[in-house]
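Keep the structure in view while reading.

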Amino acid sequence: MLRPPSWRRRRTSSPSRRARPTPNSASKGIGPNAYTMSTATVSQGATIADWTFKEAGYRTAYLFMDTMVEYTRSLCGSFEARFTELAGTDAIVGRDTFHGVNDTSIAGQVSRLKANAKQPDFVMFCGAINGASAIRQIRAAGIDLPLVASESMDGDYWLGSVPNLSNFYLATYGSMFGNDPDPKVNDFAKRYAAKFGQPPGTAHALTGYSVIEAWALAVERAKSFEADAVRAELDKMNKEILLIGETTFTPDLHININRPMLFQKIVNGKHEPIGRFVSEKIPEVKF
């Protein structure tokens, strides 16, 4: 859990792996000693928009957004801003919302998607809580459109709810299935499995590992455990190569906005990496 600087008694400063990846997780949002190893939603949404347009060749999208948390709202917002910039103002052919906890049935939303006047090239699925239930209902209705999601749907723990899922794409921090294009990630997953008896459930494990990497590097360079000294070194990191990938912090921005993400496709319930990609243009970060 991310705690305010007072909890640390101001002795040390370290990045968090569990803060939601919105800009408010950064320096101006929580405080100067708060960092997150996540990639900001403004970058995640824009990167998915660039990938779907430039790599997948999609030109129209339908937005399907969970309104329960700021993460999914910000994700869909940044995706829409970048996708319409690339594909035009008519690129979003429909949209709908659901609440991840309250809406156990989304029959109405699924019916509206199925009956939409113009069927999209793909559905941008901004879901998190109970996302598997929503995806199962979409597929059960006979909607086989490509679904594109973010790291909130990482891992295979939920795939049993949607047997033999295919035509599903997601942007993640890495693959925990031994097939990541980066051998360092595969080595980490192997060592993790050897220690704990199973591989990490999701690639969020990479953020936790990289928290310690970044903090240790900052402490070594500062030759101190004092928060001010450690923070000064963290704020100098510019495309620092950590396990999670390139990591940059500045005095004003303690969250990453330009780190490539690994795109994967799910075919018959199995993850297949496609490659890492990052948007050429990130929306302005606002606090």
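## A buried charged pair

D50 and R82 are both buried. The model is a predicted one. Side chains of opposite charge can pair when their charged atoms come close. The side chains of D50 and R82 form a salt bridge, at 2.6 Å from N to O. This pair links distant parts of the chain, since D50 belongs to helix α1 and R82 to helix α2, 32 residues apart.

D50 also meets the side chain of K54 in a salt bridge of 3.0 Å, N to O. Here both residues lie in helix α1 (residues 41-55), 4 residues apart, which is about one turn of the helix. D50 has a relative accessible area of 0%, so D50 counts as buried. K54 has 33% and is therefore partly exposed.

## Other salt bridges

The structure holds 15 salt bridges. One of them joins the side chains of D96 and R112, at 2.7 Å from N to O. D96 is in strand β4 and R112 in helix α3 (residues 107-114), 16 residues apart, and this pair too links distant parts of the chain. D96 is buried because its relative accessible area is 13%, whereas R112, at 45%, is partly exposed.

Seen in order, the strands β4-β3-β5-β6-β7-β10-β11 make an open sheet of 7 strands with mixed pairing. Its edge strands, β4 (92-98) and β11 (270-277), each pair on one side only. On average, neighbouring strands are turned by 20 degrees against each other, direction ignored.

Strands of a sheet pair through backbone hydrogen bonds, either parallel or antiparallel. Strands β6 (residues 147-149) and β7 (residues 168-172) pair in the parallel sense over 3 bridges, and L147 stands opposite F168 in β7. By contrast, β10 (residues 261-267) and β11 run antiparallel and are joined by 7 bridges. I266 stands opposite H271 in β11. β10 and β11 form a hairpin with 2 residues between them, and N268 in the turn has a positive phi of about 50 degrees.

## A helix across the strands

Helix α4 (residues 131-140) lies across β3, β4, β5, β6 and β7. The helix runs at about 160 degrees to β5.

## A nonpolar patch

M68, V101 and I129 make a nonpolar surface patch of about 210 Å². M68 is in the loop between β3 and α2. Its relative accessibility is 33%, so M68 counts as partly exposed.

Note on methods. Residues numbered from 1 in each chain as written. Predicted model: local features only at pLDDT ≥ 70, side-chain atom pairs only at ≥ 80, totals over all residues. Heavy atoms only, no water. Pairing = 2+ DSSP bridges. Axes fitted to C-alpha atoms, helices over the stretch in contact; angles between N-to-C directions. Contact = heavy atoms within 4.5 Å. Patch = residues over 30% accessible without salt bridge, like charges linked within 9 Å, V, L, I, M, F, W, Y side chains within 5 Å. Areas by Shrake-Rupley, 256 points an atom, 1.4 Å probe, with all protein chains shown as cover. Salt bridge = Lys/Arg side-chain N within 4 Å of Asp/Glu carboxyl O. Buried < 20%, exposed > 50% of the residue type's maximum accessible area, 1.4 Å probe, protein only.
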